[in-house]
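Thanks for coming. Please have a look at the slide.

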Amino acid sequence: MNVLTDPKNITHIVNSSLGYATHVTMLDGGILCLDCVDENFQLLLEEYEEAREHGHIVTETQWLVNCVSSNEENEDLYCSHCSNKIESIY
Ligand SMILES: [Zn+2]
């Protein structure tokens, strides 16, 4: 079963990561930079609430956050939405 992260927790997770969080990984494997998370926060929230109402039955097309991630050494990682490069922390 896939695990969803409540978008309301993203800011908290990012803030408590001491700068190590660089992006979020979506359920479909896509990458979203933190700027896009901010810009699309309402959408992420709505999609999450909808998935929750349906007992976490999710579809590929939904904007659902799997987890907050850290780019440790990938020099070739880009946001799936805005195509900005996601810098690695090392
Ligand atoms: Zn982006």
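Among contacts in this chain between residues at least 6 apart in sequence, 62% join residues at least 24 apart. Two residues count as in contact if their C-beta atoms, placed from the backbone, lie within 7 Å.

Before I go on, two notes. This is a predicted model: local features need pLDDT of at least 70, side-chain atom pairs count only at pLDDT 80 or more, and totals for chains, interfaces and linings use all residues. Residues are numbered from 1 along each chain as its sequence is written.

Now the elements. The chain has three helices and three strands, and from the N terminus on they run α-β-β-α-α-β. Helices (H or I, at least four residues) and strands (E, at least two) are DSSP runs, numbered from the N terminus.

Which strands pair with strand 1? Strand 2, residues 31–33, pairs with strand 1, residues 23–26, in the antiparallel sense over three bridges. Strand 3, residues 65–69, is also antiparallel to strand 1, and four bridges join them. Pairing here means that DSSP finds at least two bridges between two strands.

Val 24 shows both pairings: it stands opposite Leu 32 in strand 2, and its bridge partner in strand 3 is Val 68. The hairpin of strand 1 and strand 2 has four residues between the strands, and Gly 29 there takes a positive phi near 95 degrees.

Last, burial. Of the 90 residues, 19% count as buried, that is, with 20 or more other C-beta atoms within 10 Å of their own, C-beta atoms being placed from the backbone.

Methods: A residue is buried if 20 or more other C-beta atoms lie within 10 Å of its own, exposed if 12 or fewer, and partly exposed in between; C-beta atoms are placed from the backbone.
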